[in-house]
Amino acid sequence: MIDPGFLFEIIPTLLSGLPLTLELAGSSVLLGFVLALLLALAQQGKWPVVVWPIRTFVAIFRGTPLLVQIFLIYYGLGQFRPTLQSVGLWSLFREPYWCAILALTLNTAAYGSEILRGAIRNVPRGLSEAASALGLSRMLALRLVILPLALRQALPAYSNEIILMVKGTSLASIITLTEVTGIAQELISQTYRAMEVFIAAGAIYLALNFLIVWALSLLEARLSHYRVRA
Amino acid sequence: MFDKFNLLGLGTGGWGAALLEAAAITLLLSAAGFALGIVFGGMAAAGRLSTMRFPRGIASAYGIVFRGVPDLLTIYLFYYGGSVALTAFGRLFGAKGFTGLPALATGIVTIGFISGAYQAEVYRGAYLAVERGQFDAAKALALTRIQMLRLVILPQLLRHAIPGLGNVWQLVLKDSALISVIGLVELMRQSQIGAGSTREPFLFYCAAAALYFAIAGLTGLIFGRAEVNASRGVIH
């Protein structure tokens with residue numbers, strides 16, 4: 001039923017989509033992390049004018065499917081072409097590539113900000129009190145005490161989010177980007193050999209996930225080196 | 001500006017009724033897929049907890065593959081793979097040409113299979129969270145294994161599982177939008193159709209987002225209620 005010859009034959013074809021998958025995942029995870037951190041920090045203040053818009057943004061992006069978000073940005077904003085052209089953003093919103101990155105970034109920023117917000121809140125109160133007792137300014141305490149601890153604590157949950165983003169990049173194939181899943185879909189509709197294509201493409205994603213989990217667990221071990229081993 | 005909103009109206013010329021009907025399909029697809037996922041997830045959790053190597057290996061492979069591979073790939077596997085098998089089967093009985101699988105049934109099975117992989121983790125964690133003393137107490141009462149599971153373990157397991165199941169349900173609801181790629185007219189597909197024929201994609205995808213958001217919020221309340229209900233009499 002499974003043809004191993006065909007399986008190995010399609011692997012190079014599928015791998016040709018890997019750079020695009022990596023670009024989409026890498027840029028949205030990095031940009032999304034920066035945005036998530038800003039959103040999490042902005043919510044530490046108590047101003048409702050800052051906190052409420054962020055809460056609304058987070059709730060909307062967490063409560064709706066990623067596919068709807070991608071379509072809203074790619075097809076929905078395309079409707080406002082004259083406006084976008086007049087502000088010089090049309091060249092960005094015209095391209096499925098940038099629309100996919102924007103949608104993935106906003107999506108992961110919403111999930112990521114919740115992870116980071118929780119991690120910052122979970123830093124023991126005594127530590128921030130100790131920092132202020134040492135005369136550290138709020139910014140300095142944040143940079144030297146709170147954030148390093150919070151980021152390390154957030155790592156396991158964040159690595160899940162990164163895996164979800166890698167999987168999320170597959171939706172870019174629906175707006176015509178030929179990353180790994182897009183190529184897989186083409187192969188299936190040409191050859192009708194769904195099983196082989198699934199195995200080959202699936203193996204690529206699993207290998208990628210495995211590498212990410214492994215790299216992040218190394219990072220976590222490195223960031224925890226001061227801890228006494230139990 | 002406001003006349004655009006008439007497109008979403010419930011009367012003639014409005015897409016409101018079609019969108020609500022599609023939202024009902026989304027709800028049906030998600031609920032049935034989630035329910036099927038209980039079966040797959042329960043079996044996989046039992047496999048993971050088994051002392052025998054074979055079921056344990058199969059169950060972990062199932063979890064690793066279907067939680068690690070993009071759901072879109074799994075959907076293509078089930079739809080095209082299933083259709084090819086069905087076509088070959090049809091040939092045996094003299095049918096000609098390509099036979100496509102029914103989209104709703106395929107969607108339910110696919111979502112069931114994917115969500116089962118996630119649910120398995122929830123059940124396994126919940127089982128391990130049940131205090132060991134409860135098992136000993138059930139044995140001391142001379143309950144049979146089935147009685148022990150039904151009367152003692154499952155009710156407590158459920159309490160630990162509900163928050164995790166609520167997360168899986170939200171995942172399922174959002175995943176159901178992907179079933180649109182195999183042509184099932186659920187909320188996502190219906191808003192694509194509306195967007196295409198009225199050339200108002202922004203309006204229609206906003207409407208879709210609002211409906212998904214509403215379904216997620218309302219069903220989330222049910223899980224919240226269930227959590228309170230299952231924790232009656234528990235002192236924290």
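**The chains and their contact**

Author: From the N terminus on, chain A runs α-α-α-α-α-α-α-α-α-α-α. The model is predicted. The secondary structure of chain A amounts to 11 helices and zero strands. Its C-alpha atoms fill a box of roughly 70 × 55 × 25 Å along the principal axes. Chain A has 230 residues, and 37% of them are buried. Contacts in chain A also span the sequence: among those between residues at least 6 apart, 80% join residues at least 24 apart.

Now the contact itself. Chain A gives 31 residues to it, and chain B gives 28 residues. On the chain B side, four helices each supply at least two residues: α2 (53–68), α3 (71–92), α7 (187–198) and α8 (201–230). The largest share comes from α8(B), with 10 residues.

One spot in chain B deserves a separate look. Gly183(B) sits in the loop between α6 (145–175) and α7 of chain B. Is Gly183(B) buried or exposed? Gly183(B) is exposed, because 12 other C-beta atoms lie within 10 Å, and a residue counts as exposed at 12 or fewer.

Technical notes: Residues are numbered from 1 along each chain as its sequence is written. Chains are lettered from A and ligands numbered from 1 in the order in which they are written. This is a predicted model: local features need pLDDT of at least 70, side-chain atom pairs count only at pLDDT 80 or more; totals for chains, interfaces and linings use all residues. Two residues are in contact if their C-beta atoms, placed from the backbone, lie within 7 Å. A residue is buried if 20 or more other C-beta atoms lie within 10 Å of its own, exposed if 12 or fewer, and partly exposed in between; C-beta atoms are placed from the backbone.
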